[in-house]
Each structure stands twice: as C-alpha cells, then as structure tokens.
Amino acid sequence: MAKKKPLVVVTRRLPEVIETRMCELFDTRLNVSDRPATREELVEAVRTADVLVPTITDRIDSGLIGQAGDQLKLIANFGNGVDHIDVASALRRSITVTNTPGVLTEDTADLTMALILAVARRLVEGARTIPDGGWSGWSPTWMLGHRITGKRLGIVGMGRIGQALARRAAAFGLSIHYHNRRRLPAEIEDQIEATYWESLDQMLARIDILSIHCPHTPATYHLLSARRLKQLRPHAILVNTARGEIVDENALIRMLEAEEISGAGLDVFEHEPAVSPKLLKLAKSGKVTLLPHMGSATNEGRVDMGEKVIINIKTFMDGHRPPDRVLPSML
C-alpha cells in the first residue's frame, strides 16, 4: 500500500517549476491568487496541514501556533529570515522550523551594491529627469553625486551576505569595516581586508557608507537607534537590505529631513508593506532611494529557495533531520 502523501499548504505563489514539483511529491494546496493569507486562512491551514510553507508576509506567532492541529509537524519557511515565526513556540509544540539559507546571498549582495551606487551617484533621480522632460543637456555642475572609491564602508552583520558585499565593495576600492556579534576568523578578515570594530558606536563615527546585514531579532530591534544614527557624519549614507525593524525609521527620516545624513537606500521598511508618507516625499526630492523588498528577487534565487523547501520537507518526511532546521539558540 502506497504511503500517504503529507498535506503541504503553501501560503503564496512560488515559481511554477517549484509548485509543479511539490504537487508531484506531496498533497499540495497552492495559493493561486497570490494574495497574502488572512488570519482565518492561516488558522485553517495550521489546523489541517502536515506541513506549512509560509513566507515573510505571514505572521506565525504563538497564538497561531497554539491553534495548530497535532498533525502539523513542520513549518518549512520559504525564505532565510524567520523573524515572522515564533520558533520557540513551535519547538514547544514539537513542530520543526526550517528556512532557506545561503541561496539568496549573491543576489542580495548584488542589490546592496547597486543601492550604494544608486544613492551615491543619484541614479534614480537622474533616470527620472529624461522621461520627465527635465534634461536640457550636459552641465558641469548638475546632478553631482559622490565618488565611492576610497571611502569607508561599515557593515553591520558579517554573515554570508555581509561577506559577499565586502568582496564586491573591495573591487570598487572601498575600505571594509565591520561590526558583528562574533569576530571573523583571522584568515577571513585577511581575505576581505576587513577591520573589526567591537564597538558599533565607534565604527559608525568613522565610516562613509553604512550597510545593514544582521537578522531581525529582539536584540537587534532598533539596533540603529536615534542615538546611534546620530554617530554618523553628515556626508554618510545608509543602506538597508536586511529588515526594516533594525533601524529606527522615524529617527532616520528626521535626520534625512534635517540633512544630518546625506542619503539612504532602503529595500525594507519598519512597517512593511506600509511605507511612510514622509519617506515617499523624501524619495521624490531625491534624498532617499526606495525599493520594494526585492533583494532576493531573481528567478534563480527564488527557484533555489523553493528547492531547499522541498529538500527540507522530503528529508523530514523520510524521518531524518532536515538540513536547514532553525533553533531558538541560533537566533
């Protein structure tokens, strides 16, 4: 007698090749509309599914996990960050949580480097002038940005993405500085020629460009607080492709409005998907570049993420420990 396939509930549309493979392997319930699941739909999902495949748009908190049926044994997150999942509550209910690390490293580092260039060289502002009819010809003093070669880049969070950015930035002639909860091994520091700062405050006061790459956890909420942002020099720019909650967004807005910081490039926001009207106004004036959380948005990256989800589900259902299990101690 054939073994019963597990019921896998997927909360958002995934690449077609991944959805097709999931339907072959599992009893899969897809979200063909691709709209974010309501709370009621998530409750129904955890009450019926053997495996839940959520994304960052789904809040899998303790209240939701408390309503899960006994059959739910795996939450296989489509994405690296798990700050939207109460991992500790899941563990108490004997529910395993997995993620998809590593596969979005290069894509996010590429986009971060692009944002650094876009802010420093006013690329978005410049690109709008031609279709808007605002360009009358070359001028020696118009649309002046800033050279990045020779500048100091400060990286907060030197994991896979931070290191990938450091390699790219070095090729552009940037000097690499970083703050991390653990210092990198000497051989890695030597490879990327990075200077470690135990004190985040001291690093912030000495850099020209700040890029954020740490995870969002209770310990990193508003890590870049109003006090810390004040350490940045007026010519500095801030780039965030990690999580919006790491930066005190209101404090950043006030500094941009007061020209206490030169500019910012944001791919993430504190209250996603809502974007502050003040940020929108700053974007129109060219003081900030805003992107719609597209750091990992490549066909290759999203397919790789889906393949990791499948491997985690298949390994778990075969009775083995999935390769990308997440534990509270890892956060």
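This is a predicted model: local features need pLDDT of at least 70, side-chain atom pairs count only at pLDDT 80 or more; totals for chains, interfaces and linings use all residues.

Reply: We begin with a term needed for naming places in the chain: helices and strands are DSSP runs, numbered from the N terminus.

Me: What kind of peptide bond joins Glu272 and Pro273?

Reply: The bond between Glu272 and Pro273 is a cis peptide bond, with omega at about 0 degrees.

Me: Which domains is the protein chain divided into?

Reply: Domain 1 consists of 5-98 + 297-328, and domain 2 consists of 102-288. Their C-alpha centres are 31 Å apart. To the contact, domain 1 gives 9 residues and domain 2 gives 5 residues.

Me: How is the size of an interface often given?

Reply: Often it is given as the accessible area lost when the parts come together. Here domain 1 and domain 2 bury about 740 Å² between them, and 58% of that area is on carbon and sulfur atoms.

Me: How many salt bridges are counted between domain 1 and domain 2?

Reply: The count is 1 salt bridge. As for salt bridges in general, the term denotes a side-chain nitrogen of Lys or Arg within 4 Å of a carboxyl oxygen of Asp or Glu. Arg243 and Asp83 form such a pair, their closest N and O atoms being 3.2 Å apart.

Me: Which domain annotations does UniProt record for residues 113-295 and residues 19-326?

Reply: According to the unreviewed UniProt entry, residues 113-295 carry the annotation "domain: D-isomer specific 2-hydroxyacid dehydrogenase NAD-binding". Over that range the chain is 33% helix and 15% strand, and its end C-alpha atoms are 11 Å apart. The unreviewed entry also annotates residues 19-326 as "domain: D-isomer specific 2-hydroxyacid dehydrogenase catalytic". There the chain is 37% helix and 14% strand, with 23 Å between the end C-alpha atoms.

Me: Which residues touch the most other members of the largest nonpolar core?

Reply: A nonpolar core is built from buried residues joined through side-chain atoms within 4.5 Å. The largest one in this model has 31 residues, and Leu210, Leu224, Leu229 and Leu252 touch the most other members. Among the elements that supply at least two residues each are helix H9 (200-204), strand S9 (209-212) and helix H11 (249-257). The largest share, 5 residues, comes from H11.

Me: Which residues does Leu224 touch, not counting residues up to four places away in sequence?

Reply: Leu224 touches Leu204, Leu210, Ile212, Leu229, Ile246, Val247 and Asp248 on that basis.

Me: How many salt bridges does the structure hold?

Reply: The structure holds 19 salt bridges. One of the pairs is Lys230 with Glu260, whose closest N and O atoms are 2.8 Å apart. This pair links distant parts of the chain, 30 residues apart: Lys230 is in the loop between helix H10 (226-229) and strand S10 (237-240), while Glu260 is in the loop between H11 and S11. Another pair is Lys308 and Asp324, which meet at 3.4 Å, N to O. Lys308 is in helix H13 (residues 299-317), and Asp324 is in the loop between H13 and strand S13 (325-326). There is also a network of salt bridges linking Glu106, Asp110, Arg167 and Arg168.

Me: Arg13 and Glu19 also meet in a salt bridge. Is Glu19 buried or exposed?

Reply: Buried means under 20% relative accessible area, and exposed means over 50%. Glu19 has a relative accessibility of 7%, so it counts as buried. Arg13, at 38%, is partly exposed. The bridge between Arg13 and Glu19 is 3.0 Å from N to O.

Me: How far apart are Glu307 and Val17 in sequence and in space?

Reply: Glu307 and Val17 are 290 residues apart in sequence and 9.5 Å apart in space, C-alpha to C-alpha. Glu307 belongs to helix H13 and is partly exposed, with a relative accessible area of 41%.

How values were computed
Residues are numbered from 1 along each chain as its sequence is written. Side-chain values use heavy atoms; hydrogens and water are left out. Buried means under 20% relative accessible area, exposed over 50%, partly exposed in between (1.4 Å probe, protein chains only). Helices (H or I, at least four residues) and strands (E, at least two) are DSSP runs, numbered from the N terminus. Contact means heavy atoms within 4.5 Å. UniProt positions are given in the numbering used here, feature names are shortened, and annotations may be inferred rather than shown by experiment. Domain bounds come from an automatic or database domain assignment. Buried area is the accessible area (1.4 Å probe) that two parts lose on being put together, summed over both.
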